[in-house]
Amino acid sequence: MAPAPNPDLRNQRSHRAILDAALELAARDGYAKVTVEAIAAAAGVGKQTIYRWWPSKAAVVLEALNDRTGPFSGVPDTGDIAADMAAAAQGVIEALGTGLGTIWRGLVADAQGDPRLAESLLNDFMEPRNKAWQDRLDKAVAAGELRADVPTRTMVELLFGPIYYRLLLGTDPLDPDNTTTRVDYLLNGLRPH
C-alpha cells in the first residue's frame with residue numbers, strides 16, 4: 001500500500017509554483033496584465049488557493065519578488081565607501097534591468113492606489129535596505145569619509161534615487177557601466193573645484 005500524500009509537501013509545492021508563476025507572468029507580460037486567474041492557471045492551482053494565502057495579486061507578486069531577491073543580507077563594507085556605493089548601485093541596476101524592473105514598476109504603480117501595498121513596499125522591502133545603508137554611511141561619516149552635515153537618509157536617496165527615477169519614468173536606460181562615475185559625481189558634488 002502506498003503512503004498517504006503529505007499535505008505539507010503539497011502546500012510547499014503549490015506555494016513555490018504560485019510564486020514562480022507570478023514572477024514569470026509579470027516579467028513576461030507586464031505586471032498590469034497579470035491576473036490571479038492567470039497565476040493560478042500557470043501554477044496549476046485553484047484561484048481560491050491563492051486567495052487563501054494572499055489578499056491580492058500585488059501581495060503574491062511582492063512576496064515572489066522578495067523570494068527571488070532573497071533575504072536582504074546587508075550592504076558592502078570593504079572600507080572604501082565609494083567602491084561600496086558603486087557596487088551597490090551597480091547591483092540594483094543589474095537587478096532592475098531584468099524582468100524584476102518591469103515587476104517593480106507595476107508594484108509601485110499599484111501602490112499609488114493601494115495603501116496596504118504601499119506600506120508593505122516601504123516597510124518590508126525598502127526600509128530594511130534604507131536602514132542598512134544609513135548605518136553604513138554613518139560609519140563612513142564617523143571615519144571622516146563623508147560630510148557630517150548631510151543626513152545619511154538624504155545620502156541614500158541621492159545614491160539610489162536616480163536609479164529609480166530612470167526606471168520609473170524611463171528618462172534614460174539603466175546603465176550599470178557608469179556607476180563609479182555617478183558615485184564620483186555624488187561624492188564630489190557638481191560645483192567646479
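Asn130 is buried, with a relative accessible area of 12%, where buried means under 20% relative accessible area, exposed over 50% and partly exposed in between (1.4 Å probe, protein chains only). The model is predicted: local features need pLDDT of at least 70, side-chain atom pairs count only at pLDDT 80 or more, and totals for chains, interfaces and linings use all residues. Residues are numbered from 1 along each chain as its sequence is written, and side-chain values use heavy atoms, with hydrogens and water left out.

Asn130 lies in helix α7; helices (H or I, at least four residues) and strands (E, at least two) are DSSP runs, numbered from the N terminus. Not counting residues up to four places away in sequence, Asn130 touches Arg153 and Val156, contact being heavy atoms within 4.5 Å.

Beyond residues up to four places away in sequence, Trp104 touches Leu65, Leu96, Leu121, Phe125, Met126, Tyr164 and Leu167.

Trp104 also takes part in a contact between two helices. Gly101, Trp104, Arg105 and Val108 in α6 meet Tyr164, Leu167 and Leu168 in α8. The residues of this contact divide into five nonpolar, one polar and one charged; Ala, Val, Leu, Ile, Met, Phe, Trp, Tyr, Cys and Pro count as nonpolar, Asp, Glu, Lys and Arg as charged, and the others, Gly among them, as polar. The two helices, α6 and α8, pack at an angle of about 85°, with their axes 10 Å apart. That makes α6 roughly perpendicular to α8, a term for angles of 65 to 115 degrees.

Val183, in helix α9 (residues 179-188), is buried, with a relative accessible area of 3%. Leaving aside neighbours within four places in sequence, Val183 is in contact with Ala82, Met85, Ala86 and Leu159.

Finally, an unreviewed UniProt entry places the feature "DNA-binding region" at residues 35-54; such annotations may be inferred rather than shown by experiment. Over residues 35-54 the chain is 75% helix and 0% strand, and the end C-alpha atoms are 13 Å apart.

Note on methods. Axes fitted to C-alpha atoms, helices over the stretch in contact; angles between N-to-C directions. Parallel < 35°, antiparallel > 145°, perpendicular 65-115°, else oblique.
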